[in-house]
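User: I have a model open and I would like to learn how to read it. Can you take me through it feature by feature?

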Amino acid sequence: MTRNGHLRDRVAVAILDAAAMLLARRGESVSMADVAAAAGVGRTTLYRHFPSRETLLDALSQEACAELIGKLADAGLDCVAVPEGVARVSRIAMGQAAKYQALMRIHGKPAVPDETARQLMAPLTALFVRGSADGTWRTDLGPDTLLDLYSALLQGALGQALHAKLGVEPAAAAVTSVFMHGAGTRRPASDDLVNSPSPTGF
């Protein structure tokens with residue numbers, strides 16, 4: 001890549017970072033002029049890279065997907081115990097939501113190409129398959145079903161903006177705890193639940 005190409009990439013990254021930061025703080029009221037000022041570039045430079053607000057939001061959506069793929073790849077999910085892997089995924093998801101949820105609200109959920117979806121799901125699938133193989137998970141549900149349930153729980157937490165209500169770390173810990181309690185092998189048997197005394201002692 002030429003020197004000008006490197007410079008252009010750095011400017012584009014600075015613009016996208018500024019847009020993500022402003023959207024997270026201020027929501028849809030952010031203007032193109034606001035983005036240019038936050039990125040430290042002129043409006044002409046901004047529009048040369050991103051000719052319209054829609055173009056900028058499209059690029060930011062692609063950046064969010066690429067960033068999520070990178071964070072999952074760098075999380076070392078294959079090097080830690082499965083519960084810790086789930087905790088790391090929860091933290092990554094909540095952190096990304098805190099950064100990009102305003103974008104999703106304004107721009108909608110992006111269409112994810114098949115290859116991107118495969119890259120997103122591959123480390124999660126491997127983690128859940130390993131959990132079934134090493135006895136982390138209950139045996140009456142397969143790894144695909146458990147991953148679907150975890151994804152639904154995570155999506156529900158994101159939809160309720162749990163990261164904004166509790167904070168990123170507490171929200172991630174809550175999702176992980178709730179899921180592991182239901183999906184793990186150490187859980188109360190149904191008979192124990194039926195026969196356990198009520199809180200009042202009756």
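This is a predicted model: local features need pLDDT of at least 70, side-chain atom pairs count only at pLDDT 80 or more; totals for chains, interfaces and linings use all residues.

User: How many helices and strands does the protein have?

Analyst: Helices (H or I, at least four residues) and strands (E, at least two) are DSSP runs, numbered from the N terminus. Here there are 10 helices and 0 strands. Read from the N terminus, the order is α-α-α-α-α-α-α-α-α-α.

User: What share of the residues is buried?

Analyst: Buried means under 20% relative accessible area, exposed means over 50%, and partly exposed is in between (1.4 Å probe, protein chains only). The protein has 202 residues, and 36% of them are buried.

User: What share of the contacts joins residues 24 or more positions apart?

Analyst: Contact means heavy atoms within 4.5 Å. Take the contacts with a separation of 6 or more: residues 24 or more positions apart account for 71% of them.

User: How do I describe two packed helices?

Analyst: Give the angle between their axes and the distance between the axes. Axes are lines fitted to C-alpha atoms, for helices over the stretch in contact, and angles run from 0 to 180 degrees between N-to-C directions. Angles under 35 degrees count as roughly parallel, over 145 as roughly antiparallel, 65 to 115 as roughly perpendicular, and the rest as oblique.

User: Which hand does the crossing of α4 and α6 have?

Analyst: A crossing is left-handed if the near helix is turned anticlockwise from the far one by less than a right angle, and right-handed if clockwise. α4 passes α6 in a left-handed crossing.

User: Which residues of α4 and α6 meet?

Analyst: From α4 come C65, L68, I69 and L72; from α6 come T116, Q119, L120, P123 and L124. Now sort them by class. Ala, Val, Leu, Ile, Met, Phe, Trp, Tyr, Cys and Pro count as nonpolar, Asp, Glu, Lys and Arg as charged, and the others, Gly among them, as polar. The contact of α4 with α6 has 7 nonpolar, 2 polar and no charged residues.

User: At what angle do α6 and α7 pack?

Analyst: The angle is about 125°, and the axes are 9 Å apart. Therefore α6 and α7 are oblique to each other. Their crossing is right-handed. On the α6 side, the contact uses M121, L124, T125, F128, V129 and S132; α7 supplies P143, L146, L147 and Y150. By class, the contact of α6 with α7 has 8 nonpolar, 2 polar and no charged residues.

User: How do α7 and α9 cross?

Analyst: The axes of α7 and helix α9 (residues 168-183) come within 10 Å and cross at roughly 150°. So α7 is roughly antiparallel to α9. The crossing of α7 and α9 is right-handed. In this contact, L146, L149, Y150, L153, L154 and A157 of α7 meet V175, V178, F179 and A183 of α9. The classes are 10 nonpolar, no polar and no charged.

User: How many disulfides does the structure hold?

Analyst: A disulfide is a covalent bond between the sulfur atoms of two cysteines. The test is a pair of cysteine sulfur atoms within 2.5 Å. The structure holds 0 disulfides.

User: Is C65 buried or exposed? And C79?

Analyst: C65 has a relative accessible area of 18%, so C65 is buried. C79 reaches 64%, so C79 is exposed.

User: Where is A12 found, and which residues does A12 contact?

Analyst: A12 is in helix α1 (residues 3-26). A12 is buried, at 16% relative accessible area. Leaving aside neighbours within four places in sequence, A12 is in contact with H49 and F50. A12 and R48 are 36 residues apart in sequence and 9.9 Å apart in space, C-alpha to C-alpha.

User: Which residues does A38 touch?

Analyst: A38 lies in helix α2 (residues 32-39). At 38% relative accessibility, A38 is partly exposed. Not counting residues up to four places away in sequence, A38 touches A18, M21 and L22.

Conventions
Residues are numbered from 1 along each chain as its sequence is written. Side-chain values use heavy atoms; hydrogens and water are left out.
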